[in-house]
Amino acid sequence: MTSEPMGPDRHDAQQAGRPDGAAAVVIGGGLAGITAALALADAGLPVTLVEGRPRLGGLVFSFRRESAAGELTVDNGQHVYLRCCTAYDWFLDRVGGRALVPLQDRMDVPVLDADGLRLGRLRRTALPVPLHLAKSLAMYPHLSLAERANVGRAALALKKLDPEDPALDGVDFASWLARHGQSPRAVEALWDLVGVATLNARAGDASLGLAAKVFKTGLLSDNGAADIGWSRVPLGEVHDTLAREALEKAGVRIELRTRASALARAEDGTWQVTVENGPHGREQLTAKTVVLALPQRETHGLLPEGSLDGQDRLLDIGTAPILNLHVIYDRPVLKQAFFAALGSPVQWVFDRTEASGLAALPGGARSQYLAVSQSAAQDDIDRPVAELRARYLPELERLLPAARGAGVRDFFVTRERTATFAPAPGVGGLRPGARTQTPGLYLAGAWTATGWPATMESAVRSGLGAVREALTELGFPQGQLPQEAA
């Protein structure tokens, strides 16, 4: 198996003055790898994409499950993005999925306090930053008047920080919040409400640099930056089905169930990628450009010696888990599309009745499927299903009076033990850039040095960044490089 130019792609590349025979191999079919493969193909290079799983999408995927309610399409977890996620927005456009993953007209987050069942809302107005949140904050029932005033002062101080300042990377977010007058209740009801979902860590475990990136970009850059988008169809429909169609249309050869086992540079400067693909055995791909779009430990295992300074530091980048609980009730118990909870182990709850296909099943319209998304789930990730059921079903009943007395048709769990890199203080100094010290070899993945936490946005940015470096090294003019996201 070789990664040679195919059909008209080679002719087009030559006509455009691009390097002849500059074949590329992308290892990893998550969002970073899909993005890199699309961008390389768009530049006219013949590309082979290698993925060990039988599908694309990485950790953003769906699967079929036969439940007591019937056969459902289940997402492994709830994924959202914000209007400020301009690279992921590009991705949706590129694969033709924008209409399936719409944004709110305006940010509106229902926040329910389990202790008193008080419902507050974090929503913006059309006013400029920071006034766009002033009315919402002034009426937010989960904080005292003094706490609301202190939140405003901390937000103004946060806006002055530079997330790229290396000094911020070594400071934890909780210490900074305490120095700026934030009470434990304010941290829980506002800062961690947003931060845990976006950083996958509580304030005490999060780098101030990454926290500043999240809050400055999402809440303090533009009045619409934090408008929330989420998929109204199964994640696999966008990140596997549509992505595969876009790749095939671009001329990318996709090799699923194919694992890269070795990577070596030949004397002529080309790369030899050894792959294992089940019944076809061991084969080699030859390419001038290789993009490694794998998790950090897998990347470390494939990197040739000397590819990075302090290469073993990749192993010091920790991981953090995300747990998702899936509950199917025999009646509707939630009227809103989603909500966040305070005073409860429950974090975020989404209605997935339509997206899963439940509503179309016999009797499904009278049922409801809720997905409970639990980030920074170190304490729960290994609990048995029975324990999780006993812990969380009473909490949902406490939060949702309509769930009291409702029958539970199904309860199951999905676990991602290494869902993201851990955004701990000091992690910024461990995240490598896209370019390695070996010509023709590039890194991509949400864990690389994108400046963003481990999000879909970071994954797409990393793929585009790797391609910009690759095309620059191949001699492409600046005008033909993928544009950097705003």
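Reader: Which residues line the largest cavity?

Author: In this predicted model, the structure holds three cavities of 30 Å³ or more, and the largest cavity has a volume of about 80 Å³. The elements that give two or more residues to its lining are β4 (70-75), α12 (353-356) and β17 (368-375). The residues that line the largest cavity are Thr73, Asp75, Gly77, Gln78, Pro234, His326, Arg352, Ala355, Ser356, Tyr369 and Ala371.

Reader: How do the residues of the lining of the largest cavity divide into nonpolar, polar and charged?

Author: The lining of the largest cavity includes Asp75 and Arg352, and Asp and Arg count as charged, whereas Gly counts as polar. Sorted in this way, the residues of that lining divide into four nonpolar, five polar and two charged.

Reader: Which element gives the most to the lining of the second largest pocket?

Author: About 770 Å³ of space lies in the second largest pocket, and of the 33 residues that line this pocket, the closest to its centre are Glu164, Ala449, Thr450, Gly451 and Trp452. Among the elements, α6 (166-169), α9 and α14 (456-473) each supply at least two residues of the lining. With seven residues, the element that gives the most is α14.

Reader: How many residues of the lining of the second largest pocket are charged?

Author: The lining of the second largest pocket holds 33 residues, and one of those closest to the centre is Glu164, where Glu counts as charged. The lining divides into twelve nonpolar and eleven polar residues, and the number of charged residues is ten.

Reader: Which backbone oxygen does the side chain of Thr217 reach?

Author: Thr217 lies in helix α9, which spans residues 208-219, and α9 is one of the elements that supply at least two residues of the lining of the second largest pocket. Thr217 counts as buried because its relative accessible area is 17%, under the limit of 20%. At a distance of 2.8 Å, its side chain reaches the backbone oxygen of Lys213.

Reader: How many disulfides does the structure hold, and what is the nearest cysteine sulfur to Cys84?

Author: A disulfide is a covalent bond between the sulfur atoms of two cysteines, and here a pair of sulfur atoms must lie within 2.5 Å to count as one. The structure holds zero disulfides, and Cys84 is in none, its nearest cysteine sulfur being 4.5 Å away. That nearest sulfur belongs to Cys85.

Reader: Is Cys85 buried or exposed?

Author: Cys85 is in no disulfide, and the nearest cysteine sulfur, 4.5 Å away, is that of Cys84, a residue that is buried at a relative accessible area of 12%. The relative accessibility of Cys85 is 8%, and a value under 20% means buried. Cys85 therefore counts as buried.

Reader: Where is the backbone nitrogen that lies 2.8 Å from a polar atom of the side chain of Ser62?

Author: Ser62 is found in strand β3, residues 62-67, and is buried, with a relative accessible area of 16%. A polar atom of its side chain lies 3.0 Å from the backbone nitrogen of Leu235. The backbone nitrogen that lies 2.8 Å from a polar atom of this side chain is in Gly236.

Reader: Which peptide bond is cis, with omega near 0°?

Author: Most residues other than glycine have a negative phi, and most peptide bonds are trans. Pro130 has its place in the loop between β7 (118-123) and α4 (134-138). The cis peptide bond, with omega near 0°, runs from Val129 to Pro130.

Reader: What is the phi of Asn200, and is this residue buried or exposed?

Author: Asn200 is found in the loop between α8 (184-199) and α9, and has a positive phi of about 60° although it is not a glycine. Its relative accessible area is 4%, under the 20% limit, and Asn200 therefore counts as buried.

Reader: Is Arg257 buried or exposed?

Author: Arg257 lies in the loop between β9 (253-255) and β10 (259-265), and its phi is near 50°, a positive value in a residue other than glycine. Its relative accessibility is 57%, and a value over 50% means exposed. Arg257 therefore counts as exposed.

How values were computed:
Residues numbered from 1 in each chain as written. Predicted model: local features only at pLDDT ≥ 70, side-chain atom pairs only at ≥ 80, totals over all residues. Heavy atoms only, no water. Buried < 20%, exposed > 50% of the residue type's maximum accessible area, 1.4 Å probe, protein only. 1 Å grid on protein atoms, 1.4 Å probe; cavity = no way out; pocket = protein on both sides within 12 Å on 5 of 7 lines; lining within 4 Å. Points joined across faces, edges and corners; volume = space filled by probe spheres on them. Helix = DSSP H or I, 4+ residues; strand = E, 2+ residues; numbered from the N terminus. Polar contact = N/O pair within 3.5 Å; in protein donor to acceptor, adjacent residues only side chain to side chain.
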